[in-house]
Amino acid sequence: DAWITYDDATLPTGWRYPTLVRQGISVGGSEDYFLRINADNIGARVLRWKVVTANGGSVQVNWTFTAGQLNTWTHVAATYNGATAALYINGQQVGTAVGNGSPIRDLNSEVLRIGKGSDVATPIEVWNGQIDEVRLWPFARTQGEIQQTMNYALNSVPGVVSTWNLD
């Protein structure tokens with residue numbers, strides 16, 4: 001989960017996939033997971049949560065937003081527990097997809113990036129806005145858990161969550 005702003009009005013033209021977080025950029029051109037905007041080549045406004053699973057499948061959830069909707073600070077969260085992938089905006093679930101029963105692929109040698117995806121695709125995967133309070137939890141969280149902690153400033157919670165307080 002993270003707090004973001006996104007400026008769709010100043011996004012350059014052409015293929016664009018502003019990336020909030022992405023793990024994996026080198027294995028067969030595929031990621032382990034990402035949370036990004038799919039603007040495509042038409043200025044689309046789709047927040048996409050995608051996971052590639054250990055069995056080689058993938059699951060994705062899309063949420064379409066309106067022009068300017070993410071110009072103010074907005075909390076986004078994405079979860080996957082094997083059975084369901086879910087996407088939350090300001091603590092409210094906005095989309096789900098059925099999982100395939102397999103966990104997220106985790107290739108330990110892969111790079112985790114915040115605010116940018118692939119170097120090969122630079123600059124089309126660079127975030128176009130601000131990012132704060134990025135947190136990666138080692139387990140899927142419920143809507144209630146997301147709502148409970150989304151306004152907390154979490155500082156280094158070893159063994160529980162990785163945090164980046166980009167203040």
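Buried residues, meaning those under 20% relative accessible area with a 1.4 Å probe and protein chains only, make up 48% of the 167 residues in the protein. This is a predicted model, in which local features need pLDDT of at least 70 and side-chain atom pairs count only at pLDDT 80 or more, while totals for chains, interfaces and linings use all residues. Residues are numbered from 1 along each chain as its sequence is written, and side-chain values use heavy atoms, with hydrogens and water left out. Here is a tour, from the overall fold down to individual side-chain pairs.

**Overall shape and fold**

- The secondary structure comes to one helix and 12 strands, where helices (H or I, at least four residues) and strands (E, at least two) are DSSP runs numbered from the N terminus.
- For 167 residues a compact globule would have a value near 15 Å, and the protein agrees because it has 15 Å.
- The C-alpha trace spans about 40 × 35 × 30 Å along its principal axes.
- Contact means heavy atoms within 4.5 Å. Among contacts between residues at least 6 apart in sequence, 58% join residues at least 24 apart.

**The sheet with order 8-7-6-1-10**

- Five strands make up this open sheet, with antiparallel pairing; two strands pair if DSSP finds at least two bridges between them.
- Strand 8 and strand 10 stand at the edges with a single partner strand each, so one side of each has no neighbour in the sheet.
- The twist averages 20° from one strand to the next; axes are lines fitted to C-alpha atoms, for helices over the stretch in contact, and angles run from 0 to 180 degrees between N-to-C directions.
- Strand 1 (residues 2-6) and strand 6 (residues 74-80) run antiparallel and are joined by three bridges. Ala-2 has Val-76 as its bridge partner in strand 6, and Trp-3 stands opposite His-75.
- Six of the seven residues of strand 6 are buried, so this strand is largely enclosed by the rest of the structure.
- Strand 6 also runs antiparallel to strand 7, with five bridges between them; Thr-79 has Ala-86 in strand 7 as its bridge partner.
- The hairpin of strand 6 and strand 7 has three residues between the strands, and Gly-82 takes a positive phi near 95° there.

**The sheet with order 5-4-3-2-9**

- This is an open sheet of five strands with antiparallel pairing.
- Strand 5 and strand 9 are its edge strands, each pairing on one side only.
- Neighbouring strands are turned by 15° against each other on average, direction ignored.
- Three bridges connect strand 2 and strand 9, which run antiparallel, and Val-21 has Ile-114 in strand 9 as its bridge partner.

**The nonpolar core**

- A nonpolar core is a set of buried Ala, Val, Leu, Ile, Met, Phe, Trp, Tyr and Cys residues joined through side-chain atoms within 4.5 Å. The largest one has 27 residues, and Tyr-6, Leu-20, Leu-35, Ile-37, Leu-47 and Trp-49 have the most contacts inside it.
- Two or more residues come from each of strand 1, strand 2, strand 3, strand 4 (46-52), strand 5 (58-64), strand 6 and strand 7 (84-89).

**Salt bridges**

- The whole structure has eight salt bridges, each a side-chain nitrogen of Lys or Arg within 4 Å of a carboxyl oxygen of Asp or Glu.
- Glu-125 and Arg-22 meet in one of them (2.8 Å, N to O). Glu-125 lies in the loop between strand 9 (112-114) and strand 10 (129-132) and Arg-22 in strand 2 (residues 19-23), so the pair ties together parts that are 103 residues apart in sequence. Both residues are buried.
- Asp-32 and Arg-105 meet in another (2.9 Å, N to O). Asp-32 lies in the loop between strand 2 and strand 3 (33-38) and Arg-105 in the loop between strand 8 (92-98) and strand 9, so this pair ties together parts 73 residues apart in sequence. Asp-32 and Arg-105 are both buried.
- Arg-36 forms a salt bridge with Glu-125, with the closest N and O atoms 3.8 Å apart. Arg-36 is in strand 3, 89 residues from Glu-125.
- Salt bridges that share partners join Arg-22, Glu-31, Arg-36, Lys-50 and Glu-125 into one network.

Terms used: Buried means under 20% relative accessible area, exposed over 50%, partly exposed in between (1.4 Å probe, protein chains only). The radius of gyration is taken over C-alpha atoms; the globule rule is 2.2 Å times the number of residues to the power 0.38.
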